[in-house]
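Please open the model in your viewer and keep the selection panel at hand. The stops below move from one selection to the next, with a short account of what is found at each.

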Amino acid sequence: MMDELLIAGLRLKSRLIIGTGKFSDYAYIPDIVEKTGCEMVTVAVRRAKDGIQKPLKDYIPKGVKVLVNTSGARNSEEALKIARIGRELLGSDLVKVEIIPDTKYLMPDNREVIRACELLANEGFKPFPYVMPDLVSARYMVQAGAVCIMPLGAPIGTNKGLLTRYFIEMLKNELDVPVIVDAGIGRPSHAAEAMEIGVDAVLVNTAIATAKDPVGMAVAFAKAIQAGREAFLIGLPLEKTFAEPSSPVDEYLTGFLRK
């Protein structure tokens, strides 16, 4: 059976989701999609910059799912407004619910995210909430209509990896919806670690968009995610307190030394 990610009524073969917010040139996006097999990208709704000839949506290959990002929202009402505009512009009811009132560490407001999930679900949206990995809050979000939970590994753009690993594992163990790690993933090894503990997908933006070679880095992330997923499915060996020899310690290995 093919190992697919089932989410919001979709079947995805790729478990790499690309954020588009930091690319210096949108022209990287089609090449990244082609070389990684990525099937979902996030798009933040914002005013077009002066001098931009083509809108971002023109660079997204046909068939790739668009996850509208409510980046910039400070409360649930603003998130709902952004989602409505995004649906009109992009025709997508998939919404990454990002509500950030804090400007120094960019911490999400879980209370407002719960409220936003309820408002969005009532209007037919499929909420993908970006959250601090708190199990109680996550359960409320799922009850409100969230189709997955997107915990941060570390603050946005820090490249610090899985600082919240224990709490992400808690979400994965207790929730029946997909868990997608978002934010803080700076290296392919971080993505592999996330997949090894059983998360369902990883969203990467800064580490790819700001790389010297964004396409090459995206390919490296795709390979790491696949390797981590395969290791999780096979099962990782348990850690042990004491050393254990790789070869049996018997007379054939050491006995001849004592004769």
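In which helix is the place of T206? Select residues 206–209, which form helix α7, and T206 will be found there. This is a predicted model, in which local features need pLDDT of at least 70 and side-chain atom pairs count only at pLDDT 80 or more, while totals for chains, interfaces and linings use all residues. Residues are numbered from 1 along each chain as its sequence is written, and side-chain values use heavy atoms, with hydrogens and water left out.

T206 is buried, with a relative accessible area of 14%, where buried means under 20% relative accessible area, exposed over 50% and partly exposed in between, for a 1.4 Å probe and protein chains only. Show its contacts next (heavy atoms within 4.5 Å): not counting residues up to four places away in sequence, T206 touches K22, G157, N159 and A211.

From there, move to N159, which sits in the loop between β8 and α5 and is partly exposed, at a relative accessible area of 35%. Its phi is positive, near 60 degrees, although N159 is a residue other than glycine. Most residues other than glycine have a negative phi. A183, in the loop between β9 and α6 (188–196), also is not a glycine and has a positive phi of about 80 degrees; at 9% relative accessibility, A183 counts as buried.

Now display the secondary structure, which comes to 8 helices and 10 strands; helices (H or I, at least four residues) and strands (E, at least two) are DSSP runs, numbered from the N terminus. Look for the open sheet of 8 strands, in the order β8-β7-β6-β5-β4-β3-β10-β9, with parallel pairing, where two strands pair if DSSP finds at least two bridges between them. At its edges stand β8 (150–151) and β9 (180–182), each with a single partner strand, so one side of each has no neighbour in the sheet. Parallel strands β9 and β10 (residues 201–204) are joined by 3 bridges, and the bridge partner of I180 in β10 is A201.

Select helix α2 (residues 76–90) next, which lies across β4 (40–44), β5 (65–69) and β6 (94–97) and runs at about 150 degrees to β5; axes are lines fitted to C-alpha atoms, for helices over the stretch in contact, and angles run from 0 to 180 degrees between N-to-C directions. Where the two helices meet, S76, E77, A79, L80 and A83 of α2 are in contact with E112, R115, A116, L119 and L120 of α3.

For the last stop, select I149, V199 and V202, which have the most contacts inside the largest nonpolar core, of 57 residues; such a core is a set of buried Ala, Val, Leu, Ile, Met, Phe, Trp, Tyr and Cys residues joined through side-chain atoms within 4.5 Å. Apart from it lies another core, of 16 residues, among them M40, C148, A201 and L203. Leaving aside neighbours within four places in sequence, the contacts of V202 include L16, I17, I180 and I225.
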